[in-house]
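Me: I've got this one open in the viewer. Can you walk me through a few spots and how the helices pack?

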Amino acid sequence: MAYINVPEGVPGIRSLVLFRPETGKPLYALAQTLLREDSPLSPAERELIAAHVSNRNNCKFCMESHAAAARCLLGLRQDIVDQTLDDPARAALSPKLKALLHIAGKVQLSGKQVMPEDIAAARDHGANDREIHDTVLIAAAFCMFNRYVDGLASWTPTDPAVYAEMGQRMAKGYVLPQQTI
Amino acid sequence: MAHIDLGNELPGIRGPMAYRPETARPLNALAEILLRDDNNTLSRGERELIGTYVSSLNDCFFCQNVHGGLAQHYLGCDMPFIDAVKRDPVSTPISDKLKTLLSIAASVQKGGKNVRPEQIEAARQEGATDREIHDTVLIAAAFCMYNRYVDGLATWAPQDRQFYIDRAPIRAAEGYIDFDLYK
């Protein structure tokens with residue numbers, strides 16, 4: 001049970017933003033802008049970064065839901081999601097995305113862990129400034145979302161079907177949930 | 001020098017915010033509602049102090065000085081007081097409720113799962129409401145993002161701490177939304 005009085009039967013961050021829609025609004029706007037709107041990284045690549053960071057933060061709700069969104073966006077190539085969660089270095093990903101996931105893993109530990117060599121490696125594989133920027137901010141944002149979801153002990157469903165359905169909705173975009181009567 | 005060419009010389013988070021205004025908008029909207037909106041039973045000073053404390057735990061020089069300056073401005077205290085809170089909140093004359101909330105914030109900084117039911121119970125015993133507990137967790141979580149954004153891109157920060165103190169009154173007045181990044 002969550003630490004605060006959130007609506008029952010609503011999972012993860014959805015229950016928290018229903019409790020406090022005023023802060024929910026910029027949180028959902030950030031997710032939509034970062035993960036869906038204009039970026040040289042595809043929505044699937046950005047969801048993989050989100051799932052990877054959530055996995056490292058041991059946040060099951062965010063990891064499962066963003067992995068499900070990535071599977072929807074990848075279609076026939078969805079095996080890549082489990083490979084990435086298992087070990088990005090051995091997944092069937094481009095060297096550029098592997099280098100960006102490495103940077104995301106550093107950000108997950110601490111901003112100061114990102115070294116000039118990490119950036120240089122990503123550039124060697126063709127990453128541009130904007131891709132590096134978006135990677136760092138996505139990783140940083142999930143260090144927030146993961147802590148928000150787990151720090152208030154929000155409900156984490158265990159049924160994989162729940163996440164599959166969530167992933168389909170998330171693939172279309174991030175819309176602030178509304179309280180239903 | 002920052003890891004990427006931000007196209008400006010702005011300090012701290014202002015650099016990447018000017019570089020990418022689309023993401024700056026929700027980042028600033030979140031800061032405004034969390035830290036400055038007056039429809040909140042935690043004072044602006046208390047909320048800035050939570051942000052300062054978490055930024056200090058994350059060793060983010062820019063954020064701990066910007067928000068430390070703001071906390072100092074709102075609370076009417078001095079820099080040694082802010083530094084004492086960063087070192088050990090329990091030893092300072094802040095309220096017992098704020099001490100329990102800072103303990104929750106410190107656990108969030110380590111990882112969401114570090115927050116224990118006993119810490120929530122202790123905060124409730126001191127009169128903390130669900131909304132106050134919620135906002136404490138989200139402020140702490142949000143600074144785990146802002147700090148990583150600032151340091152993960154290796155932005156520069158003015159080293160003179162007085163710089164932040166001097167700017168705090170105008171920063172407090174202009175808020176997080178209607179301000180000019182270049183001023």
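**Loops, packing and the chain contact**

Reply: Let's start with A:N58, which counts as partly exposed because it has 13 C-beta neighbours inside 10 Å. The cut-offs, with C-beta atoms placed from the backbone: 20 or more other C-beta atoms within 10 Å is buried, 12 or fewer is exposed, and in between is partly exposed. Bear in mind that this is a predicted model, where local features need pLDDT of at least 70 and side-chain atom pairs count only at pLDDT 80 or more, while totals for chains, interfaces and linings use all residues. Residues are numbered from 1 along each chain as its sequence is written, and chains are lettered from A and ligands numbered from 1 in the order in which they are written.

Me: Where is the place of A:N58?

Reply: A:N58 sits in the loop between helix 3 and helix 4 of chain A. Helices here are DSSP runs (H or I, at least four residues), numbered from the N terminus. Its backbone is worth a look too: phi of A:N58 is near 60°, a positive value in a residue other than glycine. Most residues other than glycine have a negative phi.

Me: How far apart in space are A:D38 and A:R90?

Reply: They're 28 Å apart, C-alpha to C-alpha, and 52 residues apart in sequence. A:D38 is in the loop between helix 2 (21–35) and helix 3 of chain A, and it is exposed because it has 9 other C-beta atoms within 10 Å.

Me: OK, helix packing. At roughly what angle do helix 4 and helix 9 of chain A cross?

Reply: Roughly 60°, with the axes of helix 4 (residues 60–74) and helix 9 (residues 160–172) of chain A coming within 7 Å. Axes are lines fitted to C-alpha atoms, for helices over the stretch in contact, and angles run from 0 to 180 degrees between N-to-C directions. That angle makes helix 4 of chain A oblique to helix 9 of chain A (under 35 degrees is roughly parallel, over 145 roughly antiparallel, 65 to 115 roughly perpendicular, and the rest oblique).

Me: Is helix 4 of chain A passing helix 9 of chain A in a left-handed or right-handed crossing?

Reply: Right-handed. A crossing is right-handed if the near helix is turned clockwise from the far one by less than a right angle, and left-handed if anticlockwise. Among the residues that meet there are A:A68 and A:C72 from helix 4 of chain A and A:A164 and A:G167 from helix 9 of chain A. By class, that contact has nine nonpolar, three polar and two charged residues. (Ala, Val, Leu, Ile, Met, Phe, Trp, Tyr, Cys and Pro count as nonpolar, Asp, Glu, Lys and Arg as charged, and the others, Gly among them, as polar.)

Me: And helix 6 with helix 8 of chain A, how do they cross?

Reply: At roughly 40°, where the axes of helix 6 (residues 95–109) and helix 8 (residues 129–151) of chain A come within 9 Å. That makes helix 6 of chain A oblique to helix 8 of chain A, and the crossing is right-handed. The contact has ten nonpolar, two polar and one charged residues.

Me: What does A:A139 touch?

Reply: Not counting residues up to four places away in sequence, its contacts are A:I49, A:V53, A:A104, A:V107, A:Q108 and B:R148.

Me: Last topic, the two chains. How many residues of chain B are in contact with chain A?

Reply: 40 residues of chain B are in contact with 41 residues of chain A. Helix 8 of chain B gives the most to its side, with 16 residues. By class, that side of chain B has 24 nonpolar, eight polar and eight charged residues.

How values were computed. Helix = DSSP H or I, 4+ residues; strand = E, 2+ residues; numbered from the N terminus. Contact = placed C-beta atoms within 7 Å.
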